[in-house]
Amino acid sequence: MEVIVRILKVNPWTGLTKWPTTFDYVGPYWTRSGNIYTGLTNEDARRLEKALGKQEGELNPNSDFWTTFAVRIGAKDLILNTDRPMDEL
């Protein structure tokens with residue numbers, strides 16, 4: 001399945017207009033207790049680790065992988081295909 005992600009020109013919360021050269025970054029959710037919520041089940045994490053050639057446990061919520069993982073969204077549409085492991089992630 002293809003998913004199109006695009007930046008909103010006007011932020012719905014603040015009403016501020018985004019400049020064409022700016023970017024948004026989307027990453028995992030940090031809970032109030034400071035834990036990372038990835039949205040992956042254990043089964044999904046193991047399957048994606050194998051598909052991406054990562055070591056077992058590298059996609060665990062407490063892994064260092066998630067401290068730097070983010071998806072950059074700019075002025076152009078970002079087209080993700082969930083059949084590709086990295087795009088699913």
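**Exercise 1. Work out how the radius of gyration of the protein stands against that of a compact globule of 89 residues.**

Step 1: take the radius over C-alpha atoms, and get the globule value from the rule of 2.2 Å times the number of residues to the power 0.38. Step 2: the rule puts a compact globule of 89 residues near 12 Å, whereas the protein has 15 Å.

A word on the model: it is predicted, with local features needing pLDDT of at least 70 and side-chain atom pairs pLDDT 80 or more, while totals for chains, interfaces and linings use all residues. Residues are numbered from 1 along each chain as its sequence is written, and side-chain values use heavy atoms, leaving out hydrogens and water.

**Exercise 2. Find the order of the elements from the N terminus on.**

Step 1: collect the DSSP runs, namely helices (H or I, at least four residues) and strands (E, at least two). Step 2: there are three helices and six strands. Step 3: read them off as β-β-β-β-α-α-β-β-α.

**Exercise 3. Decide whether aspartate 64 is buried or exposed.**

Step 1: find aspartate 64 in the loop between helix H1 (42-52) and helix H2 (65-68). Step 2: recall the cut-offs for relative accessible area with a 1.4 Å probe and protein chains only: buried is under 20%, exposed over 50%, partly exposed in between. Step 3: aspartate 64 has 64% relative accessibility, so it counts as exposed. For the protein, 19% of the 89 residues count as buried.
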